[in-house]
Amino acid sequence: MPFALLKYGLKDDFPFEKDPDLPLPTDLKRHYDVVIIGAGGHGLATAYYLAKYHGITNVAILEMGYLAGGNMARNTAVIRSNYLTSEGVSFYSESVNMYKGLANEFDFNIMYSRRGQLTLAQSEAAVRGFRQRSEVNKHFDGDTDLIGPDDIRQLVPTLNMNAGGLPVLAGLWHRDGATARHDAIAWGYAKGATQRGVEIHQQTEVTDVIVENGRATGVKTNRGQVNAGVIIQAVAGRSSLLAAKAGFRMPITSYPLQAMVTQPVKPFLDPLVSSPALHCYVQQTGRGEIVLGGGSDPYPLYSTRSTLPMKEEVLTNAVKLFPFMANLRLLRQWGGIADMTSDYSPIMGISPVENYYLDAGWGTWGFKATPIAGKTMAELVASGGIVPDLIKPFSMERFNRFVQVNEMGATAASH
Amino acid sequence: MNESFRFDAPVGTLIKRDKPLIFEFEGKQYQGYEGDTLASALLANGQWMMSRSFKYHRPRGPLTLAGQDANTLVQLGGEPNVLADRQLLTGNEAVFGQNYVGSLENDRDAYMDKLGRFLPVGFYYRSFFRPLGIWDSWEKLIRKKAGLGVADLDFQPEYYDKKYLFHDVAVIGAGAAGLTAALTAANAGAKVILVEENPNLGGALAYHQFTENEFSGELYQRLLMEVEDHKNIEVFLNATCNAWFVDNYLPIIQGKRMYKARVKQCIVATGSLEQHVVFRNNDLPGIVMSSAAERMMALYGIRPGHAAVVLAGNDHALNTALMLKQHDVEVKAVIDMRSEGGDKRVLSALFEQDIPYKAGYTVYEAIGQKKNKHIKAVDVRAIIASGEVGEDSEIIECDMLCMSAGFMPTYQLLCQAGGKLAYDDAQARFRIENLPANLHIAGAVNSIHSLDAVIADGRRAAVNVLNLLSLSTEKPELVECKLKTNFDWPIFKHPKGKDFVDFDEDLQVKDIINSTRIGYRDVQLVKRYSTVGMGPSQGRHSALPTARLIAKATDRSVNETGVTTARPPFAPEKLAHLAGRGFSPTKRTPMHQRHLELGGQMINVGGWQRPAYYGATEQDKTSIYNEVKHVRNHVGIMDVSTLGGIDVRGPDTVEFLNRIYTVNFTKQPINQTRYAMMVNEHGVMSDDGIAARLADDYFYLSATTSGVDRVFRDMKKWNAQWQLDVDIANVTTAFAKINVAGPDARKVLENLTGDIDLSAEAFPYLAYREGHVIGVPARVLRVGFVGELSFEVHVPARFGEALWDALVDAGKPFNLKPFGVSSQRILRLEKGHFLISQDTDGMTHPGEIDMTWALKVNKPFFVGNRSVDIVLAQQQKRKLVAFTLPTSTSKPEEGNLVLKGDAISGNVTSCDYSPTLDSTIGLAYADIDQSRVGQTIPIRVDGGEVVNATIVQRPFYDASEQRQEL
């Protein structure tokens, strides 16, 4: 038993109360240097790095619901960097590296678990694409290989190598693929940020963005008006709706994305396994549950309600991949909203409105980018609007110039 | 323990005493009856402990005996997490408890119970990560403790299927309210399905004694008879309506089938979930809900114990005490938490039976036998304030405890439909509001508990539905029920803990309160931090006490606090039910059988089965190269039926195609083909093919095998906006298509065509002809992907095999051989043709692949026109180049990278050995600065070696384009 727990156990009081993770709610101030809309992973991380690295602490995070209750609460916690483009791999690799040290930085265990991610190639086209991704990854010192059926059998002995009548020809084996306790990441950032003076206001909905002469100056909320030096929007799932309040359009279409989880069983699956051909990915959590997901719903919508057809599709394919799972029981099904861009890359940086910065277009790839998105957004704000190199390729303006960062092939059903 | 706990016949309505069944639990043999569940059969043998709890490995036994808790999750053969109180006994099964090391009786992990104080709520967030890297080791240890049952990794799926149902009305739950609602609706002519989770109809009528209504027995029999005989009611027993999806789309699981019902109106009469009292050791085996004790006696004829204590928060539990007494169970005491006591009529019945009764008291702690394997006694104390007890303690020995703190509506389906829970402080209960118009609610789930009111409410809901179905104009009468069933604060925190709020997750009162004290104040955050409600029973019993505890700890009302979201499914459902038969459809061409006979190695291409090549796999390269050479020198045939085919006709056809494709069709002559290319709205290459003009207003277009469905869909989508007068038909599978290619192609085909002149003059390259081949109508196109004299013959699909056979026969003098996809890919590569989606990617614009010639800008618009203009006006960054390498050099693989200095400048898209040229040839993207003919590009091949390939002109083969025009 670790010493820390022994120490707690021998005290009579609940050990953590003197040092709460989140402070009690306070009143809204009239002015903040920085207002961050959205207390999801990205908003919290941005606030944390603003306070930690740049000494900017007069910061408020406004959240319409509860802390990290949007896509941060709904995603399937896949961390990886095996993307296709140079821009994507550089960006997400940095994120994975940051993740590895977060628990110790926070003094809060995020249960980062490096499991490796295996993506199955069930067509020659997939083999081609995966070879390219592994080569790009290696080019950036990533630990990703194209492996053959024998190696796959060793890694995942329970896998059906002819799932859905599509023989598994090869696999993209990304050793850095990982998972973590998603809530803990949000709480770790929230704790670190509030300890440094950042305020988090839950149940505080931004109803309008105040723009004067092309310059954002504040927001209206259900708790009154707040003036801000700089505003950052980090509201995955509602990005274009909020942007509309600030007076501009975003090249985003929002789709529901569903996931589901089984009852816990004793561990049998270490790697995260995904089959783009069958639109299905599978992982076993630390609690023993199997988390399953697939592609997004086929139509744009802002509803997080579950549907039967998506559940049937994902589970039919899960059983094709792992036939014995037919005998497991599904416990819960839920949905989030994915803000999709046409090139499957995010939109970060400046917006058409001065002092209004964007952290949006996170589709199905937002969770894994949480640390690096927060760090770069904080740099952007602290520098007064100088876009860090790492996120330059993700400017919204790229869509006007048709200079997209295409990650379509690297995103399907792998999240 | 060999004592039988079974009452004499006829007690026990569900069991068939003439049909005994033998089974094993934990390796020991037991006997039950048909009609028993695994749990009831075990209880009949005095076996209460069925599992170990998730975190502390505490002994657990039945709580609800209705499949609503996680305490009875057992391992049934290879199947984990089976609800023992829902699973019917079939005989000869081998059952084990779950979540232990060693045996259920002697769990070597039972010490976890003593470690509790060292494992405060959320302990895993506080430790195990210092120093950096140590978590990796801890995680392995902790992971071993995770999970409940063990999955059988060798299990092979069994036959499960699905069926659709369409009815006027679904009634979910066949208790008094549901039976009445179903009858009322059916009598008025509605077609009704009645879905009941249990093996019997009646709900509480089947086991509860309604002292306030002496005719409940007769009523039950009458309802049963009428429902069972009704022609308009289809009854589903042992069937769970497991979710509510939009527009009353209901998955109903029964046996090995999932019904998918779509109904006009749905009445939810799912009753309520009895709630537990929170006190120390409230999880010991022998402590059950009072309804569970009633079920044991009435349904299964089981004696729940010899000496019982009843802990009551309402009159229901008082009735339980009477029923126990009737069944000769000594009732040591009825402990009523209500200081004002219960209903006078019931109380006087208790006094008549000499049952000791204490009002304003509670059980403060249950005391267990050795190792807490069963309840031994209770510590009873006076309630001096809400949640607080006095010092004086009375120990009452007992071997069972029944409790009822109140009821929670079985709200799951209703909340999935958008229903909201609102807390009524006076009644200390949640009610459900805000339901959609096609969803109705009746009975206990509607917080109506007295039998007469329940029946009236069932009727009211049905009348409501009949109004909506236009089957009745009767005005529904509102039903009210003032009966208070919930005790306000049935939570008694104990300084030593083990006062469980959530049995699934082993969460105690302090765990919930402490979560709020460190900042997790929202009910959603408490759930996420403490894991309350996350277990298999999904908060059925923890939601209410959790809401109360959070409300008090954060100084809010219970209504403001609320409960967490209820999501599908209602009860854990097997993946097999959702997967059903799990079809994996593939498409076969009409000539599929011939390919197999010829030894074709079939591969999946865009959902189709196609031969890659013909011959043994160990000689794949040789076979492929031979097929290539044969086409180049003689003649080959290839099944190209999978190629997409789309007919477009109508007065606006040319206008429509001019908008869809980049090229201009206005001046295309009839009986002529041309290359056609399309880009998407981003100006990215999306598909290409051949367009044959059959008439002024009629085109036949090909599309790529894997792209045709998308192309067809896009055409329909665009025309939904444009409203042009065209008819678009996907005719891909209407035709069997064979490509006859090679210098001898004409000679082979000549003998088979009557009315088509195949001579070079009469049927030149790129022409289209209609006529007959082997006597059947055919579309013949002189096009070729492979760069030789080539004809594509398209005949109605049913003649495909005949055409193939005829070609094989006619080709004998010319040594005709079939060739497959792999060979065709080399042939086209030699000819320098790119393949959409192999040599193009999600960013490829026409300029990058030298296709600007196919952009006819002398028309006002085509899809992607504006984007293409913008992209082409910019400095081009990359280009698709053709390269060669000597065969002595390592061959690049498709997907290898092209480098420029330290940076990635492109990737190899196609690369193969060319048997015709005896060198390695390929296509690759390269930086525009390294794309001139004669330049070399460094390619990093597998293993890291860098080879320098030389850029050459396309095509590699027959640059003068003579052979295809022979």
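Predicted model: local features only at pLDDT ≥ 70, side-chain atom pairs only at ≥ 80, totals over all residues.
Reader: Which strands are the edge strands of the open sheet of six strands in chain B?

Author: The open sheet has mixed pairing and the order S40-S41-S42-S39-S33-S43 in chain B. An edge strand of this sheet pairs on one side only. The edge strands are therefore the two that each pair on one side only in chain B, where two strands pair if DSSP finds at least two bridges between them: strand S40 (768-773) and strand S43 (817-818).

Reader: At about what angle to S39(B) does helix H20 of chain B run?

Author: Helix H20 (residues 800-811) of chain B lies across strand S33 (636-639), strand S39 (735-741), S40 and S42 of chain B. Relative to S39(B), the helix H20 of chain B runs at about 20°.

Reader: Why is strand S37 of chain B described as largely enclosed by the rest of the structure?

Author: Strand S37 comprises residues 698-703 of chain B. A residue counts as buried if 20 or more other C-beta atoms lie within 10 Å of its own. Strand S37 of chain B is largely enclosed by the rest of the structure because its buried residues number five of the six.

Reader: Which residue of S37(B) is the bridge partner of B:Arg693?

Author: S37(B) runs antiparallel to strand S34 (residues 644-649) of chain B, with six bridges, and B:Asp647 stands opposite B:Tyr700 there. Strand S36 (residues 685-695) of chain B also runs antiparallel to S37(B), with four bridges, and a hairpin through two residues joins S36(B) to S37(B). In S37(B), B:Arg693 has as its bridge partner B:Phe699.

Reader: Within what arc do the buried residues of H17(B) fall, seen down its axis?

Author: In helix H17 (residues 653-660) of chain B, the residues B:Thr653, B:Val654, B:Phe656, B:Leu657 and B:Ile660 are buried. Seen down the axis of H17(B), these residues line one face of the helix, because they fall within an arc of 160°.

Reader: Against which helix do the buried residues of H17(B) pack?

Author: The buried residues of H17(B) pack against S34, strand S35 (673-679), S36 and S37 of chain B. They also pack against a helix of chain B, namely H18 (708-722).

Reader: Which residue takes a positive phi in the hairpin of S10(A) and S11(A)?

Author: Strand S10 (residues 206-212) and strand S11 (residues 215-221) of chain A run antiparallel, joined by six bridges, and A:Val206 has A:Thr221 as its bridge partner in S11(A). The hairpin has two residues between the strands. The residue with a positive phi, near 50°, is A:Asn213.

Reader: How does H10(B) pass H12(B), in a left-handed or a right-handed crossing?

Author: The axes of helix H10 (residues 509-517) and helix H12 (residues 543-553) of chain B come within 9 Å and cross at roughly 45°. That angle makes H10(B) oblique to H12(B). Among the residues that meet are B:Ile512 and B:Ile513 in H10(B), and B:Leu549 and B:Ile550 in H12(B). H10(B) passes H12(B) in a crossing that is right-handed.

Reader: What is the average twist from one strand to the next in the closed barrel of chain B?

Author: The closed barrel of six strands runs S44-S47-S46-S45-S48-S49 in chain B, with antiparallel pairing. Within it, eight bridges join strand S44 (residues 878-885) to strand S47 (residues 919-927) of chain B. From one strand to the next, the twist averages 45°.

How values were computed:
Residues numbered from 1 in each chain as written. Chains lettered and ligands numbered in written order. Contact = placed C-beta atoms within 7 Å. Axes fitted to C-alpha atoms, helices over the stretch in contact; angles between N-to-C directions. Buried ≥ 20, exposed ≤ 12 C-beta atoms within 10 Å, placed from the backbone. Arc of directions from axis to C-beta. Parallel < 35°, antiparallel > 145°, perpendicular 65-115°, else oblique. Left-handed = near helix turned anticlockwise from the far one by under 90°.
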